[in-house]
Amino acid sequence: LKARYEAEEADVDELSAKINALSVKDLKELIAESGLSSDDCIDEADLRARGRDAYEALKARYEAEEADVDELSAKINALSVKDLKELIAESGLSSDDCIDEADLRARGRDAYEALKARYEA
């Protein structure tokens, strides 16, 4: 438990150092990228505190996206070659230039993203 606490404390110290090294302009860009607002930040200390919140929000978003990518890769890897070709064709992409199974799986990921974008629009 002590080791975990010390590791978390080191992470906080490292994050604070990174945030403190950013310019005000870079902090505002980080905050905006995270979807947070800096409008109510009165001084630089407020901005740096919001910057830490923004970093944590972005970190959580990227970890969720990474988990989604891992899940998608697992699903694509579980498909047969026949099913991959059907998925690719359904998306409107072609598998004609795919040389091996790795190419098909990469195209299958592209096909999945294309279908997802089509149905979300």
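I looked up Glu66 and found it exposed, with a relative accessible area of 53%, where exposed means over 50%, buried under 20% and partly exposed in between (1.4 Å probe, protein chains only). Glu66 sits in helix α3, residues 44-78; helices (H or I, at least four residues) and strands (E, at least two) are DSSP runs, numbered from the N terminus. I note that this is a predicted model, in which local features need pLDDT of at least 70 and side-chain atom pairs count only at pLDDT 80 or more, while totals for chains, interfaces and linings use all residues. Residues are numbered from 1 along each chain as its sequence is written, and side-chain values use heavy atoms, with hydrogens and water left out.

I then checked the surface charge and found Glu66 in a patch of negative charge together with Asp53, Glu56, Glu63, Glu65, Asp68 and Asp70. Such a patch takes residues with over 30% relative accessible area and no salt bridge, like charges being joined within 9 Å; Asp and Glu count as negative, and the charge is placed at CG of Asp or CD of Glu.

Next I turned to Ser34 in helix α2, residues 24-34, which is buried at a relative accessible area of 8%. Leaving aside neighbours within four places in sequence, I list Ala54, Ala57, Leu58 and Arg61 as the contacts of Ser34, contact meaning heavy atoms within 4.5 Å.

For salt bridges (a side-chain nitrogen of Lys or Arg within 4 Å of a carboxyl oxygen of Asp or Glu), I noted six in the structure. One of them joins Glu71 to Lys75, with the closest N and O atoms 3.3 Å apart; these two residues are four apart in helix α3, and so are separated by about one helical turn. Glu71 is partly exposed at 45% relative accessibility, and Lys75 is likewise partly exposed at 47%.

I also recorded Glu101 with Arg105, whose closest N and O atoms are 2.6 Å apart, both residues lying in helix α5 at a spacing of four residues, about one turn. Here Glu101 is partly exposed at 41% relative accessibility, whereas Arg105 is buried at 11%.

A further salt bridge links the side chains of Arg107 and Asp97 at 2.9 Å, N to O. Arg107 belongs to helix α5 (residues 101-120) and Asp97 to the loop between α4 (81-91) and α5, so this pair ties together parts ten residues apart in sequence.

Lastly, for the whole protein I wrote down five helices and zero strands, and that 24% of the 121 residues count as buried.

Note on methods
Patches are made of residues with over 30% relative accessible area and no salt bridge: like charges are joined within 9 Å, nonpolar side chains (Val, Leu, Ile, Met, Phe, Trp, Tyr) within 5 Å. Accessible areas come from the Shrake-Rupley method with a 1.4 Å probe; for residues, only the protein chains shown count as cover.
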